[in-house]
Every structure is written in C-alpha cells, then in structure tokens.
Amino acid sequence: MTNWKNLDTLDSYKALKACKGSVDLTTVMAGESGADRAKNYSVPMAEKLTYNFAAKEVDDTVLEKLAALAKEAELVDKFQELYNGAVINTGENRLVLHQMTRGQLGEPVKADGVDKRTFYVEQQNRIAEFANKVHNGEITNAAGEKFTTVVQIGIGGSDLGPRAMYLALENWAKKNGTFKMDAKFISNVDPDDAAAVLASTDVAHAIFVLVSKSGTTLETLTNESFVKDALAKAGLDASKHMIAVTSETSPLAKSDDYLAAFFMDDYIGGRYSSTSAVGGAVLSLAFGPDVFARFLNGAAAEDETAKNTDIRKNPAMLDALIGVYERNVLGYPATTVLPYSQALSRFPAHLQQLDMESNGKSVNRFGEPVDYPTGPVLFGEPGTNGQHSFYQLLHQGTDIVPLQFIAFKNSQIGTDVEIQGSTSQKKLCANVAAQIVAFACGKKDENSNKNFKGGRPSSIIIGEQLDPETLGALLAHFENKVMFQGFLWNINSFDQEGVQLGKVLAKKVLAHETDGALKVFSDLLNI
Ligand SMILES: O=P(O)(O)OC[C@H]1O[C@](O)(CO)[C@@H](O)[C@@H]1O
C-alpha cells in the first residue's frame, strides 16, 4: 500500500523548491549549450514519438530532485495500485480502469462479478460486429438502404474526446482508404447546434449514437428528443436509427428505444472514455473497427511507458513532474497546448476537460483543503494560427505561460506545394522550431516595445505522422500526465463535484423556483 501525502509535506518537494531560478533559459538555450540540450533532453515515447524538454527550466540537478520527488510520492506504485484495481476515485468510491480498455497492465481485476478486461474487450467485439454489419449492409434503414452518416449525441467526455479523435483521423482515413462514414456531433443544448447538424444531415441514412454514461445529462436527453422529433417528422422510426452507449446501471441501458446498446462502466470517467465504447462506437463506424483497434494499441504502448520508475524513460511522469515544478515552485498559473497539426484542432478542447475537470480541486483525497496550487488553467489552438492570435501575450505579456508543442514531420494527406523554396509542411515545422527558441532565448532590443525577455519554457512532442497509433499514444500520454499530477497534488483526479451546483440552479430556474439575483437574471433572460 502506498502513502497518500500532501505535496508540501514531502522532503523532496522542499528540496526542489530550493532550485527556483537556478536555470536561465536565455543562457542555457543559447549556442552550444542549447544544441546539447536539444539533443539530450529528450525521452522516447511509444509509436516513434519523442518528448523533448530541452526548453524547460530544468537541468541535471533539477531532474535529480524531480526523480527524488517521483520516488517519494510513489508515483509509479500508485499507478500500479490503480491498474490493479484499487479504489483510487475515493470521492465516488470507484476503481479507475480506463487504461484497461486498451490492455492489461497488471493483474486481472474483478468487479461487479466479472473480469473487467474481458468486459471491455466484449464491448469492443460487439461494436466491431455491429459496425461491420452497418458497413456491409446487413444492418440498414427501414428501406433496406445503407447508413451513410453517424451522428453522436453527447456532451463533455461523451463528446470532446471522440470528436477530437474523429477530426484527428478523418483525413488520414480518407487518404488510407479506411473511411467508412461521415461523423457529426451534437452536444450543446443550444437548439442551433442540433438544428444546424440535422439540417445538413440526410436523416433517413443517418445512425445516431446517444452517448451518456449516466443516462441523465439534461443536454443529451434534450438533444435525443430533438433528434427523435426530426426523425418522426421525416416519417422514420427512431428506434431503427439510434444506438446507445451508456453504463449498464443507467436508465438508458434497458430501454427498447435503441437498435443496440453498448456499455462502459462507472470505472471510466467521461473525460477518460475515448478508448471505451464512448469513442469506440463512433470511431468504429466512421473508420472501421481495425482503425479503432490500432488507436487502442497506440494508447496501450504508451501506457506501458508510464510503468517505468526512471523519469528519463517515463515521458508522462516527467511531463507531470515538470508541470508541477512550474506550477508550485515557479508559480506559473496557466499552460497552453499548441499542436502544429490542423487535424488536432479540437485536441486542446479535449485536454481542457481532461486536465481542468480532473485537477481543478482545492481539497485533497481526504477532503482536507490543500495549501498549494493544483491544476493550472489550460487552453490551446493549433499553430501556426495561434501565432497570429494570442502568442503576443505569450511572448511579451506579464505572465509566463509554459507551452506544450506537438508537431509531426509529415502531413496526413500528403498534398503540398513548394513556394519560395519550401513546402507548407516545412514552413509549419520551421515555425514550431522558431517558436521554441524565440520563447526560450528572447531577443534584446533597445526599443523596449520590440524587446523579448525570453525565459518562457516549452516542451515539444515530435512524431513522424499523425496516424491511429500515434493518436492513441498522444491521448494516453496526456491522460497519464494528468493522473501523475493528481497523485503529486494528493487530489482525486477522477470525480467532478464542481460541475453540480450550476446544474442544480439551472433546474431551479426552469422550475421557476428562484429568488434574489437568480430571479433577476431569469427575468433578464426571459426564461
Ligand atoms: O456521459 P454523461 O453522463 O452524459 O456525462 C457527460 C459529462 O458531464 C459531466 O459529468 C460534467 O457535467 C462530465 O464529467 C461528463 O463527461
């Protein structure tokens, strides 16, 4: 059994604090020293990805202290407890098993009377069989015609991850001949969301995937009714056009309203559910089950790296430790993820939920207030677009915001042009290389308006090409990073009580049970 202790009670953390200010990026990232760091401060990830931390404010001494912190905080042992079935989600008294949707990292875990790995694989097989039947025309609409579009209805983790993964692989699948069906997504309770998606969808040839782990989310149930209404208006039987993905204990599980139902369970948090049936249904329908299986393999391979006790061989743990150093010792309040890949356009939105819903906590695992900052604000956009938007603040603003770049050597589609001696792909990669050095080293100018102080830390994950395996590995990397940071902060990264209050008050507003400011705002909004 491991010890769960607050970060500020650990001796190795106290030692780490003494390192504050010891690494000046403007110096160490210049000249030969910068070249050496760029070569050596790099850790292999799975699927030929590498995590390069040359431009972080660390040196061998800081790394030694981070290694000591990893050891004292028993990070790898805690991960081991997690995948071997301990009740890590103390707030909800649940196991945490999302890694098991992609592999068996440790011992078999039995819960609810079944072996959980067997359960997840069974669901994958059921989804694969269903998707194959849709693709080969064994499952059709009432007129015997093939379905051509899949529309996912869900919100939060039942939308963001699957949507980001779909967008990440859409062009790759088209290029590689595995694209089967268009996928669309309805998430917001804003009626314009469902209305616009439905208006651009041939509903007679659409299969709708209702995704809600709890089966009680207001937005999702409302959008389900919206879609059912549209199907009825088109003279179609909704139960022949809808499947459900939910937990076996949810009210949706036993309903006859669906063509089929596929299951995840309470041991997979919504924001960790992309590799469960939640992502499995839409991705298998859109790209085929083999592509989904390749995505899972990439995630499984990355999970294996997270078992390593050596911080130079465990990229997620190293990334997590550096992030905690930046947050708690260096005092940086935010972080940004900047994929130089258009296909990853919604990946930062997924990471916002993953990171902030997991680690936006003020009490530890035992419900006691913590005296130190926990999860940072996370935001992001693809580069180079971000460069022409908010990078101004990142380069010259008064706050230092650590950056996390992601880039691939090759594009997905492969269509490119050479203009002024370089292809677009080379221009993309040139920009990310330039940004790392510009942020770290800055540039002196007598005109203070044009002066760049530098000293702005970044890391970069570099890959060959974004494909199903690299995407899986990338997803698992960030999930595991968030998990290790939660362990360091001694918080429960797997519940989300902070989302409840707003839901309760919204219900009161709709029931007209308001007074005070709530009543005034209700009136102002004409509710
Ligand atoms: O899948 P469900 O149960 O509809 O939940 C959707 C989302 O709502 C939340 O519970 C937050 O309100 C997220 O954690 C979750 O991903």
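1. Tyr51 and its surroundings. In this predicted model, Tyr51 belongs to strand E2, which covers residues 50-52. Its contacts, leaving aside neighbours within four places in sequence, are Val43, Met45, Pro315, Leu318, Asp319, Ser459 and Ile461. Tyr51 counts as buried because 23 other C-beta atoms lie within 10 Å of its own, and the cut-off for buried is 20 or more.

2. The nonpolar core. How many residues does the largest nonpolar core have? It has 146, and Val209, Met317 and Leu321 are those with the most contacts inside it. Helix H16, residues 468-489, gives the most to this core, with 12 residues. In soluble globular proteins, nonpolar side chains tend to be buried together. For Leu321, the contacts beyond four places in sequence are Leu66, Leu69, Ala70 and Ile311.

3. Helix H5. This helix runs over residues 75-83, and its buried residues are Leu75, Val76, Phe79, Leu82 and Tyr83. Why are they on the same side of H5? They cover an arc of only 110° around the axis, so they share one side of the helix. The cover over the buried residues of H5 includes helix H4 (60-72), helix H12 (315-329) and H16. After H5 comes Gly85, with a positive phi near 100°.

4. Lys116. This residue is part of helix H6, residues 116-135. Thr101 is 15 residues from Lys116 in sequence, with a C-alpha to C-alpha distance of 8.7 Å.

5. Ser358. Helix H13, residues 347-359, contains Ser358. With 24 other C-beta atoms within 10 Å, Ser358 is buried. Which residues does Ser358 touch, not counting those up to four places away in sequence? They are Arg271, Val482, Gly486 and Ser493. Phe494 is 136 residues from Ser358 in sequence, but their C-alpha atoms are 5.8 Å apart in space.

6. The ligand. The ligand is surrounded by 14 residues, and the closest are Gly156, Gly157, Ser214, Thr217 and Gly270. How many residues of the shell around the ligand are nonpolar, polar and charged? By class, 2 are nonpolar, 9 are polar and 3 are charged.

7. Two asparagines with positive phi. Asn490 has a phi near 60°, a positive value in a residue other than glycine. Asn526 also has a positive phi, of about 60°, although it is not a glycine. Where does Asn490 lie? Asn490 is in the loop between H16 and helix H17 (500-510), while Asn526 is in the segment after helix H18 (516-524). Asn490 is buried, with 24 other C-beta atoms within 10 Å. Asn526, by contrast, counts as exposed because it has 5 C-beta neighbours inside 10 Å, and the cut-off for exposed is 12 or fewer.

8. A cis peptide bond. Gly383 and Thr384 are joined by a cis peptide bond, with omega at about 10°. Thr384 sits in the loop between strand E11 (377-380) and helix H14 (391-396).

9. Thr9. The segment before helix H1 (11-17) holds Thr9. Thr9 is exposed, with 11 other C-beta atoms within 10 Å. Thr9 and Leu285 are 276 residues apart in sequence and 49 Å apart in space, C-alpha to C-alpha.

10. Domains. The domain assignment of the protein gives domain 1 as 113-295 and domain 2 as 496-527.

Conventions. Residues numbered from 1 in each chain as written. Predicted model: local features only at pLDDT ≥ 70, side-chain atom pairs only at ≥ 80, totals over all residues. Domains from an automatic or database assignment. Core = buried A, V, L, I, M, F, W, Y, C linked by C-beta atoms within 7 Å. Helix = DSSP H or I, 4+ residues; strand = E, 2+ residues; numbered from the N terminus. Contact = placed C-beta atoms within 7 Å. Near = placed C-beta within 6 Å. Nonpolar A, V, L, I, M, F, W, Y, C, P; charged D, E, K, R; others polar. Arc of directions from axis to C-beta.
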